[in-house]
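I opened my notebook for a first look at this structure. Here is what I looked up, entry by entry.

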Amino acid sequence: IFVASDDFIYLVGQGVTTNSGAGSDQGIGVVAKLTFDGAPVTEFGDNGLFLFNDPDINSLNADFEFTNIVEDSNGEFIICGVTTPDNSSDSLSNFVLKMTSDGSLSENFISGGVSYFQYSNVSPAFEEKPLYLEIIENGDIIVAGQGYNPDEVLGLTVSKCNSTGVFYATFNGEGVSWNGDVWGSSLRSFALLDDGSMLLAADGDFGYAGAPTKVFKINSDGSPDNAFGENGLQFYNFDYSDFLPSIFSDLKTTEGGFFVVERVNNPPLFAPIGEGLVIAKCNFDGSVDTSFGIDGKSYFIPTMQIQPARIDIDNAGRIVVCGNTTNPSFNFFVARFNGVPDNVEEFENGASLHPYPNPSSGLVYLNLKSPAQVRIFDLKGALVKTVFTNGNEPLEVMELPAGYYAIQAISDNIVRHGKLIIE
């Protein structure tokens, strides 16, 4: 979905039509143009739709799918997509096209408005699926996605073409920047930085050092940024403890770094509370910015299970996260958080709870500003203690066995969560 400068909504995706020549259904690229009240703009394309299935390769019974759309400085639109011919040896599997605002192919693009691309140094078995598009200041187009190399290893890909659709064969020296260190992963987020470098974030296999989140940084010429992580690749795991890895959701750049949001998937510790999310702030060299939250991380574990999907930053610098829930009464959620805190007291006004001393052998202080109900759970999820406090008085925990516990405080309609260690 894309909201253009003409204040209309553009939706891109795939439709199906009957291919009479091949006698079977055929996938076609589709763009729909809508007003903000949901009505189709009938003068756009064919009664509100731009449909694309290239007649030059229709004999291959090729399926077409649009995957993303951006607007250029002239009010025309760049669309990327993938085509999958029945003949698997055919090399026409990826394309970028330019569409006018009235729903027709632009004349300001090569090959009748469509640019197909494959790389001479890569086998046709390399089936890249472009997912993200960016237009830089000089009009060049960045296409990011994922695909397989000739050895059938899945990796992240970035390509670059000029404003007329001609791809740069010299980009990364090969025409494509490909990273196969993210085996088993899928591209989840892409960001173009002010200096022309790029961040690609992916989830992947959970077996690599318990760190399934992977961020890959490349320079503007397509080469890995060796100053970032290890040879341009940094692994993260921001799980609340060491039981299970967290699951990557999204990435958003900010001044001096970027935020990562992950789903905390930790049943042993949070079974009575549910899955939640963690927001972490990282620097552009791949390190964690420890000035944010507690050691660079902020956790939010609500009373229902949530699965974050996207993160953004509003005009006031606050972090906004949306996603879906497993609660039958709610389909999705939106949560908003303060930005980088000025001090610990400001951070403690959020959804995290920080008992002290921690570890403790007798008395625990929570430093709450109002009365609260406090509940303590063991690692099996069993409720082991419930107590009401005025906020300042200490909690007695000397009767609890030594070990790790989850602690929850409910006050002023806010649920705060933390971790407690008893010696």
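I began with a nonpolar surface patch made of Tyr356, Leu363, Tyr365 and Met398, which together have about 370 Å² of accessible area. Patch members need over 30% relative accessible area and no salt bridge, and nonpolar side chains (Val, Leu, Ile, Met, Phe, Trp, Tyr) are joined within 5 Å, like charges within 9 Å. A salt bridge puts a side-chain nitrogen of Lys or Arg within 4 Å of a carboxyl oxygen of Asp or Glu. Areas come from the Shrake-Rupley method with a 1.4 Å probe, and for residues only the protein chains shown count as cover.

I noted that this is a predicted model, where local features need pLDDT of at least 70, side-chain atom pairs count only at pLDDT 80 or more, and totals for chains, interfaces and linings use all residues. Residues are numbered from 1 along each chain as its sequence is written, and side-chain values use heavy atoms, leaving out hydrogens and water.

Next I looked up leucine 363, which sits in strand 24 (residues 363-364); strands are DSSP runs of E, at least two residues, and helices are runs of H or I, at least four, numbered from the N terminus. Leucine 363 has a relative accessible area of 37%, so I wrote it down as partly exposed (buried is under 20%, exposed over 50%, partly exposed in between).

Then I turned to serine 106, in the loop between strand 7 (94-99) and helix 1 (110-113). Serine 106 counts as buried because its relative accessibility is 2%.

Technical notes: Buried means under 20% relative accessible area, exposed over 50%, partly exposed in between (1.4 Å probe, protein chains only).
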